[in-house]
Amino acid sequence: MNKKVVKKVKQYDDKEDKRIRKAAYSSSASQILLLFVLIVIFGFTLFNSLYYIGKYYLDKKDYEKGLETIEINNKKNTVLILNQGSVDKKITESDTEDEIILINEGSIELLTNKEEANEGKITFDVKYSISENDFPVNIYSKEDSDVRVRFAYSYDNENWTYISNAISTYESTINPLLQNYYDISGIVSTLKIATNFELTSAPGEKNKIYWKSETTLKNKESNLNKGIKANFKIEYKESL
């Protein structure tokens, strides 16, 4: 009689493989997540570094240009002032034009919060402070003065209104000449261009006004190496 041989087939248990695969997947997912976090941190750090480096060089350039930025915030208004009013020029032999015109600009912007019930209002002054002036003083204002200046404002930076009223200094009053110029030859003082000038804006709206000065130096042989230093600027006073 033949004996029947029954072979027992060993069943394969894949639970261990599942645990290994699960552990491997978990480890891979953690590594991917960690890599993603590191990339985000690196990108954020790089962005901040580039931002502040760029800001440093822009601020440096603005400083070298004489650009002054002032921001004032309160519950009702935000005010932004930009002044680029540094006047610093000495006539040299390399200057070829008969008249040297130096243009300096500034602006003041008012934004009133939209939650406000009433319009916002600010007041400010505009000044032209002369610290050095090598040109001879004229006893009486002259149309052909060696140094003249005029001032203008605009609400759109295109259409300009020139100031034509008498301007006071700490010592005297200067009357306008033709084309709204003022004779400032030899004067070392502060010219008060506008005092308590008002700017308003409706709630949620922005309003801006631009100011500029045009300083003209007469280029002639007797003025060689003579120069002027001044600062044209907008000065914030109060916000209502």
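1. Conventions. This is a predicted model, in which local features need pLDDT of at least 70 and side-chain atom pairs count only at pLDDT 80 or more, while totals for chains, interfaces and linings use all residues. Residues are numbered from 1 along each chain as its sequence is written, and side-chain values use heavy atoms, with hydrogens and water left out.

2. Strand pairing around β12. Helices (H or I, at least four residues) and strands (E, at least two) are taken as DSSP runs numbered from the N terminus, and two strands count as paired if DSSP finds at least two bridges between them. On that basis strand β12 (residues 206–218) is antiparallel to strand β4 (residues 99–112), with 13 bridges between them, and within this pairing glutamate 109 has lysine 208 of β12 as its bridge partner. Strand β6 (residues 147–154) also runs antiparallel to β12, joined to it by eight bridges, and serine 154 is placed opposite tyrosine 210 of β12.

3. Strand β3 and its neighbour. β3 and β13 are paired in the antiparallel sense through five bridges, with glycine 227 in β13 as the bridge partner of lysine 90.

4. The largest nonpolar core. A nonpolar core is a set of buried Ala, Val, Leu, Ile, Met, Phe, Trp, Tyr and Cys residues joined through side-chain atoms within 4.5 Å. The largest such core has 33 residues, of which Tyr128, Phe151, Leu191 and Trp211 touch the most other members. Two or more residues each are given to this core by β2 (77–84), β4, β5 (120–133), β6, β11 (190–201), β12 and β13 (227–239), and the largest share, five residues, comes from β5. With contact taken as heavy atoms within 4.5 Å, and residues up to four places away in sequence not counted, leucine 191 touches several residues, including Val126, Tyr128, Ile130, Val149, Phe151 and Ile167.

5. Salt bridges between separate parts of the chain. With a salt bridge defined as a side-chain nitrogen of Lys or Arg within 4 Å of a carboxyl oxygen of Asp or Glu, the count comes to 11 salt bridges. One of them joins aspartate 134 and lysine 90 at 3.5 Å, N to O; aspartate 134 lies in the loop between β5 and β6 and lysine 90 in strand β3 (residues 86–90), so this pair ties together parts that are 44 residues apart in sequence. Aspartate 134 is partly exposed at 38% relative accessibility, and lysine 90 is likewise partly exposed at 42%.

6. A pair between β13 and β5. Lysine 237 forms a salt bridge with aspartate 125, their closest N and O atoms being 3.7 Å apart; because lysine 237 lies in strand β13 and aspartate 125 in strand β5, the pair ties together parts 112 residues apart in sequence. Lysine 237 is partly exposed at 39% relative accessibility, whereas aspartate 125 is buried at 9%.

7. Glutamate 214 and arginine 150 meet through their side chains in a salt bridge of 2.8 Å, N to O; glutamate 214 belongs to strand β12 and arginine 150 to strand β6, so the pair ties together parts that are 64 residues apart in sequence. Glutamate 214 counts as buried at 7% relative accessibility, and arginine 150 is buried at 17%. Salt bridges that share partners join Arg150, Lys212 and Glu214 into one network.

8. Glutamine 179 is found in the loop between β9 (173–174) and β10 (182–183), and asparagine 180 is in the loop between β9 and β10. Glutamine 179 is exposed at 58% relative accessibility, while asparagine 180 is partly exposed at 24%.

Technical notes. Buried < 20%, exposed > 50% of the residue type's maximum accessible area, 1.4 Å probe, protein only.
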